[in-house]
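Take a look at the structure below.

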Amino acid sequence: MSRLKLFVIPVTAALFCHALFSPLRAETRFSPATSSTATSVAERRIEAAIQTELKKLKLRDQTLEKKEMELKTLQAEVDKKLSELKKVRAEVTRLLERKTEQEAVKVKTLSKIYEKMEPANAASVIPNLDLELAVEILQNMKVKAAGRILDNLDAKTAARLSSSFPALARD
């Protein structure tokens, strides 16, 4: 084999490997460093293989760019939805706080109503209420009025209501 052929084949193979594994974008045409005309069948096969791989790399690069654009679009949509969700969450929190305040006002009003009732009449209604509501009503009353109502309740109901007070539950 001539010295030129011994040199051209390793150089061509090195260029092929470089084109395959190079992180840079693949060019569409490969031109060997030596003469532009391939002189042997092996060189033509290598050049054809290089061209095929370059086309595959270019197609892969285009696919990756397309996927990257899709991801950027999706990221923008996710950011927009997240912003909208934050606004909705803030609104729900505000509405929940408003509802809680309104319920507190209603409980205070109920407490005043029960406080002005005859203790025996209030004691007949309180056991039929939700435990939490009954406790809140008694808690918002003057101590003396709540004591009179508890005094008119049966012992079991009075004990259940008394043990449900938040101050007692914490201790």
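The protein chain has an average pLDDT of 82, and 75% of its residues score at least 70. That score is the predictor's confidence in each residue, from 0 to 100. This is a predicted model, so to speak of local features a pLDDT of at least 70 is needed, side-chain atom pairs count only at pLDDT 80 or more, and totals for chains, interfaces and linings use all residues. Residues are numbered from 1 along each chain as its sequence is written, and side-chain values use heavy atoms, leaving out hydrogens and water.

Among the chain's elements, helix H1 (residues 3-21) has the lowest mean pLDDT, 51, while H2 has the highest, 95. (Helices are DSSP runs of H or I, at least four residues, numbered from the N terminus.) Over residues 24-28 the pLDDT is below 50. Where pLDDT is low, the predicted coordinates should not be read in detail.

## The two sides of H5

Which residues of helix H5 (residues 143-152) are buried? They include Ala-145, Ala-146 and Ile-149, where buried means under 20% relative accessible area with a 1.4 Å probe, counting protein chains only. Looking down the H5 axis, the buried residues fall within an arc of 100 degrees, so they line one face of the helix. The arc is that of the directions from the helix axis to the C-beta atoms.

## A lysine on H2

Lys-106 sits in helix H2. Lys-106 counts as exposed because its relative accessibility is 58%. Its C-alpha atom is 9.7 Å from that of Ile-137, 31 residues apart along the chain.

How values were computed
Buried < 20%, exposed > 50% of the residue type's maximum accessible area, 1.4 Å probe, protein only. Contact = heavy atoms within 4.5 Å.
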